[in-house]
Amino acid sequence: MCAAEAAMGGSASVLPREALDEYQRAASCHRAALVLASSRAYKRFSELLPKEERENACSTRVPKSRILTLPELRANPFQHRICHVFSTSDDGDDSMSFEDFLDMLSAFSDSATSDIKSHYAFRIFDFDDDGALDRKDLEKLVNCLTGQGEESRLSSTEMEQLIQNILEESDIDKDGTINISEFQHVVSRSPDFARYSVRS
Amino acid sequence: KDKEEDESKEEDSCSQENEASRRKNYQGKNSGGKNAGEDRSRQRGKKAPTKDQKESENKEKKVNKKGKEGESKQKKDRKNSTSTSSNSSDEESPSEEELAMLMEQVEQKKKLISTMRNKPWRMVKKLSVLREAQAFVEKFEGALGKGKGKKLYAYKMMMAKKWVKFKRDFDNFKTQCIPWEMKIKEVESHFGSSVASYFIFLRWMYGVNLVLFGLIFGLVIIPEVLMGMPYGSMPRKTVPRAEQATAMDFSVLWDFEGYIKYSALFYGYYNNQRTIGWLKYRLPMAYFMVGVSVFGYSLMVVIRSMARNANESTADGDDDNFIFSWKMFTSWDYLIGNPETADNKFASITTSFKESIVDEQESNKDENIHLRRFLRVLANVLIICCLCGSGYLIYFVVKRSQTFSKMQNVGWYERNEVEIVMSLLGMFCPPLFETIAALENYHPRIGLKWQLGRIFALFLGNLYTFLLALMDDVNEKLAEEDVVKNITHWTLLGHHNSSMGNGSSATPPPLDPADVPRGPCWETTVGIEFVRLTVSDILVTYITILVGDFIRACFVRFVNYCWCWDLEAGFPSYAEFDISGNVLGLVFNQGMIWMGSFYAPGLVGINVLRLLTSMYFQCWAVMSSNVPHERVFKASKSNNFYMGLLLLILFLSLLPVAYTIMSLPPSFDCGPFSGKKRMYEVIQETIELDFPLFVAKIFSYVANPGLIIPAILLMVLAIYYLNAVAEAYQRANAELKKKMQMQREEEKNKRNNKTSTNPMMQDLEDLFTPSTKNESQPKQAEDKKRDSPHGNSPVRTQGKAAALDGSPMPGGRGAAFTPPPHVLVTQPLTLGVRAPYPGQHRPRGHPLGPVPGRGRGQPRY
């Protein structure tokens, strides 16, 4: 798939056109993002690789440590979770192939449907991968959101209160956890979710 | 209707297949624990992907209805490939049925391809499914046409494919054409969406101004330059003799006097000739219409984008049921890529958590309400004093500048006093307001609104004071004009008489246009005033950015090494990007443009340049010398607020222009309307001279007050009616919302009751659904029968089935379609029996039943 780039512009950072086309159709993002994406994504992806492996960037996997150097993920408190969720690696080292990378980009792009977004968001927030957000997950989530600093941490009573409130609001079936349909129910009503771009 | 049928068919096949596969699964699981996976893959696939991939597919299939669809298609495809292989042998005579089937499959594939991107699958899977589907479509699409039509069909298909591809390429191209997209995205990633929203607003403004620029330049300035009378041919197009010596000096040009004043950039340059050039272009008419349509277009654009914003904001109903959950799940701005911004975001999220917890704990805590009230009143009094003071100051300065303008050789300060004072007020009043607002102790979001409103009032007051003073000026000029008019008249007459008196030839030597005494031309004066205000505003803005942001940043950065305290964290620190100030500045600048563009057509060009440069300049300044906000607030909410301000400004700037057009006489010797009593007479003139008689008659009827007043009345009534309807809808909306809320509460309670107590109710419910029970029981028995030979207890199977349902790979549609029908129906039955194992009914909190409002499964109560 990634052969013969040398002919096209001579750099290894060009994605063959057919492949691009295919990805474009499959990815859930609008062409918009994808376009910027498909070639740019490829470029960025291959930038993450060491020089000698760039020739066949489609078949190699990028280790997690390199993925985390992306500026978009560097400051994100969920960086490890994101890597984990989007990685298809068998041995659990959260490395990413190009397709995983594209998956990630298309999920985060402007035009992914809110279903997809909420789906992935749920999996990112589900720290123990058991398919439901329980109190421990919520606690971890709050800790992620409030950052590392000591002074910004919530006290344990505040945490308790907060989690209680959240469960009261969104746990419709009262089983003490939030499952994906409850999560989507809540999130789909949010004015801020999946709508970061402002049109005036 | 067809579609519905299709769907139901699909569902049927889905469920059947699901059952089948489930059976297979059971068998596989029972027969040989571990090799089940291989067994399955052998059964199911001709292509053999890796095991775990298959498994993940399998899981998705259990959860995701759409996934199932895809799978079922794959299966059909497979079945089909066998049939088509036989098909290929006797291809000469494909029967009707087969063709129809093929057609249907191709259609399905196509649907799959088009909906592919909405599925939360892995890219690997998407790609493989996509390729397969495409290959299938390509292979059989051509075969569909019969006999002669075959080629045509293939051709049509090819063209359709090409067209789709072209459309996609075109879309790509379009998005690449959005100007500054990357720049804005970059700013967004560093400063969050609120700062980016300013730049998006700026870009939108630029677009609007480009259109206005096109209108004015294309329809007024260029025709005048190309076809109008050249410079120097008549008094209004010539620099007067007295000014000619200095007309080219830079200091004069900088004040927009001299040659610039007598150029096509200003109103006075235009001639009142009815038609110009060989095109018979009606320039005065065009000038008038363009002036009107500038306002019309702006109004339309602003209102349209406001309506769109309002639509968007009402679409996501603002019920406050999920405050905490929203804060929790959606507060992180994934666009933030900068550690500093991230730190600020952490801080702001924490504070918002704490705030809302405190709010929740004690929602109404108003201690010492008297003191607070007193402080608020005091603050408002102070601010009103400030506003009045600034208004008076401007009035005073404008008055003084009128006396200055009569004097000769005044200094630079005297000439620019108005602009300087206004800029200074605009610079120092907002911080002053902010200081005073600290007294009030409002919630910051409300505080921001107040702050915006006050600055707006300040700017507006200043603007209107300026306008009133200008009006005085204009009235003076009008009085002066009367005198000059007579002088001009007598001069011309005198010149004529003298040449006649000489008794020389019939035609007197024409008076040089530079020597003709002329009126003050108040329109050009007004235009110059606006242009100067705009230019000084641009300069002040840029200098403020340069000094207040860039030099400060440089100072803080480099002097920090040898300073006694930490400059970066301490007092001066870096500047924040002032969103509200910048947006208001932009809005007011636009108001200036709207007001001034009628008297200075070139003003829009200046503004386009300004917006262009300020895009690059501010982007650079933000990236180089600003730090992200301490409170990163969401921009989407306040966006319509800005648009509302813009609309208000537009309306307010429409008023003075409309007033001058309708009720002030235009200057007698300059501009396209000279010689008329009022500017709008150009319309009447055109109608009378250029249209057939009956149009003029119709027009006179329409302009009759007897018709206009009823029309206005009708409009008012329509507005009233629409308003009432909208209100009714709103009320209905609120009612529905309340109902939904009540239903939700009810559901909650029901669920709670169900798990805990009330066996009576359950018995009753069982009685109420006898039919479904009857239906389900045989099935269940069958299940049990099927299972029992292998020695599996029903508990285990159900556990397994449930485990499959509750897999951690939930699909986009939620659990609505996940449970196969018989499990769902039998649940109430088993509930009573197996009360001691509550965990098995709903493993890991995954509801087997339909989620309220999401699915269309069978209701359980």
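**The nonpolar patch**

In this predicted model, B:F250, B:W254, B:L539, B:I543, B:L546, B:V547, B:I551 and B:W620 make a nonpolar surface patch of about 800 Å². A patch takes residues with over 30% relative accessible area and no salt bridge, with nonpolar side chains (Val, Leu, Ile, Met, Phe, Trp, Tyr) joined within 5 Å. A salt bridge puts a side-chain nitrogen of Lys or Arg within 4 Å of a carboxyl oxygen of Asp or Glu. Areas are Shrake-Rupley, 1.4 Å probe, and for residues only the protein chains shown count as cover.

Which helix gives the largest share of the patch? That is α18(B), with five residues. In chain B, α9 (250-254) and α18 (522-559) each supply at least two. Helices are DSSP runs of H or I, at least four residues, numbered from the N terminus.

B:W254 sits in α9 of chain B. It counts as partly exposed because its relative accessibility is 41%; buried is under 20%, exposed over 50%, partly exposed in between.

Now the inside. The largest nonpolar core has 105 residues, and B:F199, B:F201, B:W204, B:F530 and B:L646 touch the most other members. Helix α8 (residues 181-227) of chain B gives the most, 18 residues. A core here means buried Ala, Val, Leu, Ile, Met, Phe, Trp, Tyr and Cys joined through side-chain atoms within 4.5 Å.

Two notes on the numbers. Residues count from 1 along each chain as written, and chains are lettered from A and ligands numbered from 1 in written order. Local features need pLDDT of at least 70, side-chain atom pairs 80 or more, while totals for chains, interfaces and linings use all residues; side-chain values use heavy atoms, without hydrogens or water.

Methods: Buried < 20%, exposed > 50% of the residue type's maximum accessible area, 1.4 Å probe, protein only. Patch = residues over 30% accessible without salt bridge, like charges linked within 9 Å, V, L, I, M, F, W, Y side chains within 5 Å.
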